[in-house]
Amino acid sequence: MLFRKLSFLLPFIMGPFSFMHAQKTDVVAGVTWDLASERAQNISALTYQLFFDIPEEMNKPIPAKVEIALHLKDNLTPLQLDFKVYQENIQKIMVNQKVIPIDFIEGHIVINPMYLNSGNNKIQIEFIAGNQSLNRNSDFLYTLLVPDRAATLFPCFDQPNLKARFSLTLQIPKNWDASGNGMLIKSTPNGLKKTLVYKETQPISTYLFAFAAGKFQRLTKEKKGRKMSMLYRETDSLKVAQNMDKIFDLHVTSVLWLEDYTQIPMPFEKLDFVLLPGFQYGGMEHVGNIFYKESALILDESATDNQKLARARLIAHETAHYWFGDLVTMNWFNDVWLKEVFANFMAAKAVNPDFPEVNHELSFLLSHHPTAYSEDRSGGSHPIQQTLENLKDAGSLYGGIIYQKAPIVMRQLEKLMGAEAFQKGLQQYLKEFSYANATWDDLIGILDELTPVSLKEWSNVWVKEPGMPHILSTVSTDEDGYMKEFTIQQLKTSHSGQYWQQETEMVLFYSDTIIKIPVVLNGSKTQIPVTQKLKKPLAILPNASAIGYGYFQLDTSSLSTFLHGSLTVKDELIRGAIRIALQEELIHKKITGEDFISYLLISLEKEKESLNRQLLLSQLNQVFWSFLSDEQRSIYTPNIEKLLWELMNESTSVSAKAAYFSSYRDLALSQEATQTLYDIWTGKNKISGLPVSEQQMIDLAASLALLLPQQAGEIIDSQLMKTLNPDRKKRLKYLQPFLSDDIQVRDTAFESLFETENRGVEPWVVDAVRYLNHPLRAKESTHYIISSLELLEEIQKTGDIFFPRQFITAVISGHQSPTAAYYVKKFLIEHPDFPYRLKNKVLMAADILFATQKP
């Protein structure tokens, strides 16, 4: 790590006694824990007044000013302000009304103590705003500053535990609109521009500061006494109208539920939101200014039940952050999981009133376990709470273990303590640390007082260590074939030699009934006596709970019974649990792809419940492309296409039709199915009862470009002509060379990604490399793997938090060949110093690829 030692001869400048204790300060890239701790102890009463003059042209610089007021406990050491730009961006610095020299080192403005007061200080800086996190498009822009990107935009103390009050003034083109964290208090015309002044916020962390500006439409509604505004760019007015009321209603119901659960009124006065095409995440919880991916909220008329439920969860998740993350913020980003776990945990509860018809235990199981397992079983598994030495690496902490495993663990904790005690503890935590910062250990300290269970030991295994349990159940019988006892073994320990403690439910299957048995696991072996006179069941499902977690290995007899598909299982949750268990057995090579796909096709014919249906379709896609050979695919294709087409036409639900059609499009291989898709795309044929949106037509065109490579150029050109929405047209134009049938064009398109400016809209890049590495092109695209791995460090430096994992997953997931697996392993062997968190992302992305290889 590069650093420079600074020493200031302060006693000679300021007098013989003034700064005798001034110390040398290490100035290094990023924000280390030592620097953050030093600043947090010394700085208080922090405010920022920011001004940005935004031009209409996206390539012009953005002049800006910031006035920072702060109180210093002492002025014995140099003060480091974070600003990750070129030095030329800094135009003028004044400290306490005095212009000072610009001392800029490793992304920090270093202010000599001689200019600072012990007490109140004012720092004024004129600068050109950094572009890295401004997400500038031709007629709109938006900031995205999590986790440590505020310093790429303006000079600040970019750490979560230095909360500040922010005031913002924007000067924008007069035909643009904008949104900031605070309430708009004044809008003044200024020639071809207008000046917008926003009210000062309550104390928030730098990563929560945000604004968006551009050509947006605005809609304001009042629901249950709460006034909210939404900025959006969707041009289909009918589609907007079909979604609007639901979007606003979901925000209000989430707020009301959270206010009731926490017993704290919404902690910030403004709840506006901006819908952005090509947004990097589903949503981002900026105070007063939540950003969403536009397509996640404005759904197609044919949206599936899963998409509607996902929208509700997303809105509840971002709204929950107002309490968990915005009001009480982690002290350091090693506890970033803490805000995410409670946002997901609360969202899973908050959506229940809006979806009374949904089995919410099943929904929780399906939305958390598969993703959590996919990361936790891989060679890249890591603890929920990770170590973090420098904030510049904070973006690599995010992933499924934080978002999906942690809520399961939190539900285990709720069960361990009891829901009432757990809720009481969270209420106390929120009140005690309001508008401040807290750690996981702070919360555990509060919860520990409300339960006789030792939470510290429980926390060490579940939160502070990686991996998951491997559990095997066996049953002993007497000489007459009646069961005597169940034995449940944990076949491995955590890294520290401890066993995972958890509660779950085992299910016994008989021809005419099922029996549920509650199970408490604690230690290497749990023995459960059988008190009823019962014969050995047809099958045993060792984990049928929405909160049981681990690889619960199926015994051979149960595995065979489940695969046969002969059991009639009426319980929706148990059906979902069986399918997740079978998927894990596939990945652990206990069954083959052909075994599983036969089971999936039998199950699809019978399944009527929407969440289980979507799970089956998702599993069908994975096993078809990853666990079958080309020859096996050709054998199964006719039956798959026929079944999906029939199920689609038989369905009366638009949601079901849309789900079956999406799978049909993604799995079609035969000439007949390809022609069917082509006729739908050209309008020659229509699917009765299924409206097809513009975005769905674009997706269909992309699929056809892969299926009909010689017509790819003609198809995409035609679709560009038909596409009306300008944002969707720009996306398709970007994807066009990646969909080309000419490998040289595709190679050139891939090489362009090595230039940062060509990776500006990250979701487009992910889609592009996914098409580039589609299984139909896998044999022609293995040469992209090594280059993609070499690019990953640069992507982490310049991209947002989910981009590295999404990018490398999109590259690797289309491959199943030994050559592809060899390239990944070869790269990791030849790069022993590859950043270990990025290595974890690669191993997670390659988990299915490795699982498909023969021993």
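Helices and strands here are DSSP runs, numbered from the N terminus. The model is predicted.

**Stop 1: the cis bond**

Select Val 146 and Pro 147. A cis peptide bond joins them, with omega at about -5°. Pro 147 sits in the loop between β11 (140-142) and β12 (165-173).

**Stop 2: the main core**

Now show Tyr 48, Phe 52, Phe 154, Phe 342 and Leu 541. These residues have the most contacts inside the largest nonpolar core, which has 285 residues. Colour helix α6 (residues 336-350) next. With eleven residues, α6 gives the most to this core. Then select Met 506, Ile 515, Ile 517 and Ile 540. They are among the 17 residues of a second, separate core.

Go back to Phe 154 and display its surroundings. Leaving out residues up to four places away in sequence, Phe 154 touches Tyr 48, Leu 50, Phe 52, Asp 82, Phe 83, Phe 127, Leu 145, Phe 166 and Phe 209.

**Stop 3: helix α9**

Select residues 419-432, which form helix α9.

Now pick out the buried residues of α9: Ala 421, Phe 422, Gly 425, Leu 426, Gln 427, Tyr 429 and Leu 430. The spacing is worth a look. An α-helix has 3.6 residues a turn, so residues three or four places apart point the same way. Next, show what covers these buried residues. The cover includes α3, β22, α6, α8 (400-417), β23 (436-438) and α10 (440-448).

**Stop 4: Thr 329 in β22**

Strand β22 (residues 328-330) holds Thr 329. Is Thr 329 buried or exposed? Its relative accessible area is 1%, under the 20% cut-off, so Thr 329 is buried. Show its contacts, again without residues up to four places away in sequence. Thr 329 touches Pro 160, Lys 163, Ser 205, Tyr 207, Ala 436, Asn 437 and Ala 438.

**Stop 5: Asn 42 in α2**

Move to helix α2 (residues 33-42) and select Asn 42. Its relative accessible area is 13%, so Asn 42 counts as buried, the cut-off being under 20%. Which residues is Asn 42 in contact with, leaving aside neighbours within four places in sequence? They are His 71, Leu 72, Lys 73 and Asp 74.

**Stop 6: two positive phi values**

Select Gln 263. Phi of this residue is near 60°, a positive value in a residue other than glycine. Gln 263 lies in the loop between α3 (237-262) and β19 (273-276).

Then select Lys 589. It is not a glycine, yet phi is positive, at about 65°. Lys 589 is in the loop between α13 (572-587) and α14 (593-606). Its relative accessible area of 42% falls between the 20% and 50% cut-offs, so Lys 589 is partly exposed.

**Stop 7: the second largest pocket**

Which element gives the most to the lining? It is α16, with four residues. Finally, colour the lining by class: twelve residues are nonpolar, 14 are polar and seven are charged.

Terms used
Residues are numbered from 1 along each chain as its sequence is written. This is a predicted model: local features need pLDDT of at least 70, side-chain atom pairs count only at pLDDT 80 or more; totals for chains, interfaces and linings use all residues. Side-chain values use heavy atoms; hydrogens and water are left out. Buried means under 20% relative accessible area, exposed over 50%, partly exposed in between (1.4 Å probe, protein chains only). Contact means heavy atoms within 4.5 Å. A nonpolar core is a set of buried Ala, Val, Leu, Ile, Met, Phe, Trp, Tyr and Cys residues joined through side-chain atoms within 4.5 Å. Ala, Val, Leu, Ile, Met, Phe, Trp, Tyr, Cys and Pro count as nonpolar, Asp, Glu, Lys and Arg as charged, and the others, Gly among them, as polar. The expected span of a helix is 1.5 Å times one less than its number of residues.
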